[in-house]
Amino acid sequence: PASEEQGKESLVDTFVSIGYDEKAQKAVLRDVYPREKSLKDSLFSELVDYCYPLGVSSPETKARLPHGHAFHFIPRRSTLRLYGVCLVTYTKISRGNDGKHKNKAYYFVPQAIVLLSKHPYHKTLFELLKILHRIVISRPPLPIEYYVHHLVSSVPIPPGDGRMKYLYNIGSNATCSVECPPVMGGL
């Protein structure tokens, strides 16, 4: 059983968090999991451009709805090829009452969470990302790192015959359907 677990490949390869640096006024990497993968790795720094292909504007005064997209991550100067999904949300911050500003003002800054995989399961990856986001905003009983670790280490890849589908539970009330895309055959 222990050696069996080690031989299983997980659907999710890497989790990445991207935040907004107010001083630099740009999006920056905040965290990468598994921890063995370094934030300083230039491959991951390129992810910012994949998550914000139009760039990041300064903080906004109106809230924006979360939005996401899928992409094929092909870093420069690397043979690495990964499939990714990104969910961009906006966090409310306040400025003011610090001696420089008379009134407190609220702004919204972008942040993104990303799942990377060696397998093209965009629909499933995006569903897992949305569930993870719902868990975060619901103030879960366990630290969010528990759920991220579980995703990266425990979601198995379904067989590639296009016929198997299983339900994967994450959190107390969240289930995601994981299935292999159908095999494309001739007529």
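Predicted model: local features only at pLDDT ≥ 70, side-chain atom pairs only at ≥ 80, totals over all residues.

Residues are numbered from 1 along each chain as its sequence is written, and side-chain values use heavy atoms, with hydrogens and water left out.

Next, colour by secondary structure. The chain contains 5 helices and 7 strands, taken as DSSP runs numbered from the N terminus (helices, H or I, at least four residues; strands, E, at least two). Their order along the sequence is α-β-β-α-α-β-β-β-α-α-β-β.

Now select Tyr50, Phe71 and Phe73, which form one aromatic cluster. Rings of Phe, Tyr and Trp (its six-membered ring) pair if their centres lie within 6.5 Å; planes under 30 degrees apart count as stacked, over 60 as edge-to-face and the rest as tilted. A search of the whole structure finds 3 aromatic pairs. The pair of Tyr50 and Phe71 is tilted, because the ring centres are 5.3 Å apart and the planes stand at 40°. This pair joins distant parts of the chain, with Tyr50 in helix H3 (residues 47–51) and Phe71 in strand E3 (residues 67–73). Tyr50 and Phe73 pair edge-to-face, at 5.0 Å centre to centre and 85° between the planes.

Finally, select Lys92, which lies over the face of Tyr106 at 4.5 Å from the ring centre (criterion: NZ of Lys or CZ of Arg within 6 Å of the ring centre and within 35 degrees of the ring normal).
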